[in-house]
Amino acid sequence: MSYSSSPHINTNNRKRRLNDGQEAPQGRDLLASPHNARLCQHLCGGPCSDSADCSHSPSPSPGQAGTTQCHSSHVCEDVREEGLGRTRIRAENEVEANKLVNNYRFGFRKWKSHVTERPFEDRSEAVKELYSELNVIKPSTGHLVSVGNIVYVFLFGWWVALVYLLVCILMFTTVIGTPYGKLCCRLSWYFLWPFGKTIQETGNGCMHCGAMSPYCACNNGREDVVPILLPSPTETPDSVGPIPRGTPYWRRFTTYVWLLLGFPLLAVVHSLVCVLAWTMVFTIPVAKMNARTLGTILLMPPEDVSVTTGSERSQGYGSKALLCCSNATNWHYYKYTVDGINVFAVNLLPLVIVAMVIGYMDTGNQYASSNLKFGIAVSSIIPLSYYIGMGIASISAQSNFAVGALVNATFGSITEMTFYITALIRGHKAGNPCLQEIVKAALTGTLFGCILFIPGISMVVGGLKHSEQRFNSRSTGVGSALLFISVGGVFAPTLFSKAYGNLVCDACTTSAGGNATFTCHDCHYDLNNSTLFHNHVEPLVYSVCVLLPVAYIIGLIFTLKTHSHIYDIQVGEGHAEAPGGAVVHWSRWRSLLILIMATLLMSACADLATQHIQPILHQPNISQYFIGVTVIAMVPEIPEIVNGIQFALQNNINLSLEVGSCIAVQVCMLQIPLLVLFNALYDVGFVLIFSDLHLWASIFSVIVVNYILMDGKSDYFQGTALVVVYLILLALYFFAPSPLGC
C-alpha cells in the first residue's frame, strides 16, 4: 500500500482495494480488526442495530486478521484502523478536505464548523426546523403546554399583551383608529398565548375556495401544506366575484394616525423582545415571531389580518398564513449559524463595540469601573477569536500550501500574542514587573490547561454518551513526544539558572539567641549577575528558541510527508458538489478583510484589558498567579473547549485530544520563541525563566496526560482524573503567594 506525500485526500471513494485484493463495497470502510462486534460499537457510536450492523469476513490466510465491516446509516467522521495505526476522516467536499489537512499542518483553529455551505437537504430534521419560517402551518406534533411555552408567558407574553391592550384603548379613543383598536385587541389575545393560533392574511381581492379544497393551508389532514392557498383544480377565478376594496392602504388617514400613535410604541416593544429573545438563543422562535409581526403584520390593513385557532382557520381563496408558532423554545438552537458563524459568537460581537466605547471614551472611569472594563474587554476576545479562526480556515481551505502557511504563520497565534506583547510593553513602560509575571502565568496556564482540561472535559462528556471511546494512539504519541520536547526546552533555562545561579533573599531577619537563625522572604535567583546571564543563560535561551521551532517543523514533516498515512482524509461518497463547486461562506478577499479588522479590534481589546487589569491584580485575596492561569490563559481558549466537547459528542475523541495537544505544542514551540524574538528586537525585559510553581506544574501535567493516554482508549473516569488534576493545580495557584514585584 502506497501513501501520498501529504495527508491523503481520496476524492473517489467508490472503489477501494484491500490488502487481499478484494473490492470494498461502495461508501463503506473495511477495518482490519479481529474484534468485529466491539470495534463496530466504537466506530458507529453505539451497538449494532438495524441501521448499523457489523459483519466479519474470515481471514484469507492463516496469520492474517479478518476484516470487519461497519454498515451504518450515518457516516463516521473519524474512522480508525487500529491495525494500521491510522485515522481516516471524512470530508464532504474538496474545500472541507483541504481545511482538515490544514488543521493537521498548522493546528486546529478556533473554529470547528464548515467553511462551505452544507446542502440543506442533507441536514437533520432538527436542524431544518431551526431555519424554517413561521408562516407555514404544520400539523401539531406535541403538546402546546410545555415548559418553554410557559416560560414565554412569564418572560414576554403577559406584558406584550398588556401593551397591546393599552394601544387598543388609545386607538379606540381616537374613534377613527377603531379598526386598529380591534386589531390590537386580537393581537393582545394572540401574544398572550400564541401557540396553536395562526395569524392569516384574508381578503386582499382574493377568491373564496371550497371548504374541502385540498389546496387550502387550513386543511389539517394534509401534511405537505403550503402557506399560500391555491384554488381547487375544479374552480376557476371567474366562479366567485372579487371582494370589493376600499381606499388604498397608504392613502388612508387612519394609516397615518396608526403610524403616529400606535405603531411606534409597539415597534419599541417588539424590538426589545427581539433583542432579548435572540440574546437568549434558545428563544429565537420568539424573536422571529416578533420580527415578522413588526415588519409585516403591523404594516398591513387591519381588515386583512385575522387571528384564528386550529379549528377556525380561514378557508378563503388567496388567504395565506402570516404567523404560526407552536413552540417558544428549541434546545437545538445552539447549532444555529448566521453566515457560517455560530449564534453565540454573533451575540457576543456587540461586546467589542461596548468595550471600545466605554474604554476609550470614558477615560476617567466616571460611568464604568476598571473592573467592568477589564471584564468586557476580555470577554470580547471570545467572538473575535471565532472570526479570526473562521478567516484563517476560509483562506487556507481555498488556497495552496504556501498561502495557507503564510496566513497561519501570521495570524495563527495572533489572539494570544497580541495580549502578551501588549502586556509586556505596558509593563515595561510603567516599570511594572508584575505584568511580565502575568504573561508567564498565562503561558503556563494555557499549557497545562490545554493538555489537562480540554482532553479531560471532552473525555467526561464523550464517555457519558459513548461509554468508551478509542483514538489513534500513533498520532497521539507524536503529540506526546512533542510535548516532552516542548516542556524540556522551555524550562531548560529555568533549570540551568537554578543549578548555577545565586539565591538572593530580601527582608531577612535574625532570631535572638546563641545560635542565630535567619528568616528570609522573597527569595529568588539573581539574574543581575551579568557574567552568568549574558554569557550562559541568554545564549541558552536563544539556542532553545531556535531548536524548538525546528522540532516543530520536523514533527510536521513526519505527520505530513514521511508518515502522512496516519491521517487519511477522504471526500465521502454521497456528497456531490454543485456544478460550480462547493459554495463557501466567505470568499478569500472577504475573509482577509474580516481577518485584518478582527486583528485590529483584538489589539485594541488587549490594550484595554492590560490597561484596566491593575485593580484586578490588587485584589488582596486572589493571587496574581491564579488570575494569569485562569482568566488570561483560558478565556481565549473557550472556543477550543467547545470544539473539543463537540468532537467528543460526535464520538470523535481523537480530534478532541488533537485540539488540546496542538495548542500546548504551539505555546511552547511557536509563541514563546516569538516572544523571545520580540524581546531581542524591542527590549521589554522578558526573560525566559519561570518560577518553581510553573516548572513543576507543567512537568507534572505532561507526565499525567501521557500516562492517561497510553492505552488508546478513553472513558469518563480517565477524563475525570485529568479534570481533578487540573482543579488541584488551580487550587495550588489560588493559595500561592503573589509573585515578586506584584
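What follows is a chat about salt bridges, a surface patch and helix packing.

Reader: Before we start, what kind of model is this, and how are residues numbered?

Author: Residues are numbered from 1 along each chain as its sequence is written, and side-chain values use heavy atoms, with hydrogens and water left out. Local features need pLDDT of at least 70, side-chain atom pairs count only at pLDDT 80 or more, and totals for chains, interfaces and linings use all residues, as this is a predicted model.

Reader: How many salt bridges does a search of the whole structure find?

Author: Side chains of opposite charge can pair when their charged atoms come close. Here a salt bridge is a side-chain nitrogen of Lys or Arg within 4 Å of a carboxyl oxygen of Asp or Glu. Searching the whole structure on that basis gives six.

Reader: Take E201 and K320: how many residues apart in sequence are the parts that this pair ties together?

Author: The two form a salt bridge, with their closest N and O atoms 3.9 Å apart. Strands (E, at least two residues) and helices (H or I, at least four) are DSSP runs, numbered from the N terminus. E201 lies in strand β7 (residues 197-201) and K320 in strand β9 (residues 320-324), so the parts tied together are apart in sequence by 119 residues.

Reader: Is E201 buried or exposed?

Author: Buried means under 20% relative accessible area, exposed means over 50%, and partly exposed is in between (1.4 Å probe, protein chains only). K320 has 31%, so K320 is partly exposed. E201 has 13%, so E201 is buried.

Reader: Which helix holds R590, the partner of D339?

Author: D339 and R590 form a salt bridge, the closest N and O atoms being 2.2 Å apart. D339 sits in the loop between β10 (337-338) and β11 (341-342), and the pair ties together parts 251 residues apart in sequence. D339 is partly exposed at 35% relative accessibility, and R590 is partly exposed at 36%. The helix holding R590 is α19 (residues 588-611).

Reader: What is the relative accessible area of K373?

Author: K373 forms a salt bridge with D362, their closest N and O atoms being 3.8 Å apart. D362 is in the loop between α10 (350-360) and α11 (370-379), with K373 in helix α11, eleven residues away. D362 counts as buried at 8%. K373 is buried as well, and its relative accessible area is 3%.

Reader: Which helix gives the largest share of the nonpolar patch?

Author: W158, L162, L165, L166, I169 and L192 make a nonpolar surface patch of about 580 Å². L192 is in helix α5 (residues 178-192). The largest share, five residues, comes from helix α4 (residues 147-173).

Reader: Are α15 and α24 roughly parallel or roughly antiparallel?

Author: The axes of helix α15 (residues 434-466) and helix α24 (residues 692-708) come within 10 Å and cross at roughly 20 degrees. Angles under 35 degrees count as roughly parallel, over 145 as roughly antiparallel, 65 to 115 as roughly perpendicular and the rest as oblique. That makes α15 and α24 roughly parallel.

Key
Patches are made of residues with over 30% relative accessible area and no salt bridge: like charges are joined within 9 Å, nonpolar side chains (Val, Leu, Ile, Met, Phe, Trp, Tyr) within 5 Å. Accessible areas come from the Shrake-Rupley method with a 1.4 Å probe; for residues, only the protein chains shown count as cover. Axes are lines fitted to C-alpha atoms, for helices over the stretch in contact, and angles run from 0 to 180 degrees between N-to-C directions.
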